[in-house]
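Colleague: I am new to reading models like this one. Could you walk me through a few features?
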Protein chains: 2
Amino acid sequence: MTDDTRAAAPAELLVCIKCRKGQEMPEDARRPGAHLFDALAARGAPEGVSITPVECLQNCDAGCTVALRGPGRWTYVYGGLDAARDVETLLDGAARFRDTPDGLIPWRARPEHFKRNCVARVPPPTLPTSEETPHG
Amino acid sequence: MTDDTRAAAPAELLVCIKCRKGQEMPEDARRPGAHLFDALAARGAPEGVSITPVECLQNCDAGCTVALRGPGRWTYVYGGLDAARDVETLLDGAARFRDTPDGLIPWRARPEHFKRNCVARVPPPTLPTSEETPHG
């Protein structure tokens, strides 16, 4: 899977399947996060994008929550997602993310939901810089 | 730097130096995020932890914001940080993160600020699972 020769490296859409969207619900109830994962998997991922169910992404009060990441790219965490409303938006956004070399979708090309519901982002790993203090 | 032979792999504390803590301020003013980075660097990182200044982590309204990460570990993003109050807490938390194999500080050992100000977390990269749909 990692010897993919497409121009862009594969992208991964992580979906928190434990998300309750901040709601009280019985322990054995099927959770909104699981519904979102199921809806995405049923619709099918764009080529070069994998959809991975994960444990809690700790954005519990503002779920459902996903993360987009890939080798050499910024990782973006998005919240406020709903299985009944946002599947197409998410898959479109994942394809746009996949098409970037660095995870930075140009602002004007970014889905509206992404603009308003970014929880955090984290840069790709880099080599140490002169400003770090590894042995303070 | 990457051939470190300590039991735990090095940990990295990313500090958003662009953070305004949601405040209006002149474009050329020194930002709270830069103050936080300076205070951390002046105090000095624990052994095996590097402190890296980074561009916006997009938790702007609830900054200052940092991320803790390392090879094979969950990445944690924390907000609500203040240069005048939280330097010791952050460095203590970074050392506790470094001492874990997977980034999961046991709940009872987690600094109080970390318990209440976790913005999001992202799992370490893993191999594809049977549940992914790479070519939907």
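Modeller: Gladly! In chain A, the axes of helix 1 and helix 2 (residues 87-98) come within 10 Å and cross at roughly 65°. Axes are lines fitted to C-alpha atoms over the stretch in contact, with angles from 0 to 180 degrees between N-to-C directions; helices (H or I, at least four residues) and strands (E, at least two) are DSSP runs numbered from the N terminus. This is a predicted model, where local features need pLDDT of at least 70 and side-chain atom pairs pLDDT 80 or more, while totals for chains, interfaces and linings use all residues. Residues are numbered from 1 along each chain as written, chains are lettered from A and ligands numbered from 1 in written order, and side-chain values use heavy atoms, without hydrogens and water.

Colleague: Is the crossing of helix 1 with helix 2 of chain A left-handed or right-handed?

Modeller: A crossing is left-handed if the near helix is turned anticlockwise from the far one by less than a right angle, and right-handed if clockwise. Here the crossing is right-handed.

Colleague: Which residues of helix 1 and helix 2 meet in chain A?

Modeller: Contact means heavy atoms within 4.5 Å. From helix 1, A:L36, A:A39, A:L40 and A:R43 meet A:V87, A:E88, A:L90 and A:L91 of helix 2. By class, this contact has 6 nonpolar, no polar and 2 charged residues. Ala, Val, Leu, Ile, Met, Phe, Trp, Tyr, Cys and Pro count as nonpolar, Asp, Glu, Lys and Arg as charged, and the others, Gly among them, as polar.

Colleague: Where does A:R30 lie?

Modeller: A:R30 lies in the loop between strand 1 (11-16) and helix 1 (32-43) of chain A. Leaving aside neighbours within four places in sequence, A:R30 is in contact with A:M25, A:H35 and A:D38. From A:V15, A:R30 is 15 residues away in sequence and 15 Å away in space, C-alpha to C-alpha.

Colleague: How many salt bridges are there over all chains?

Modeller: A salt bridge is a side-chain nitrogen of Lys or Arg within 4 Å of a carboxyl oxygen of Asp or Glu. That rule gives 20 salt bridges over all chains. One of them joins the side chains of B:R69 and B:E12 (2.9 Å, N to O). This pair links distant parts of the chain, 57 residues apart: B:R69 is in strand 3 (residues 66-69) and B:E12 in strand 1 (residues 11-16) of chain B.

Colleague: At what angle do helix 1 and helix 2 of chain B pack?

Modeller: Helix 1 (residues 32-43) and helix 2 (residues 87-98) of chain B pack at about 65°, their axes 10 Å apart. Their crossing is right-handed.
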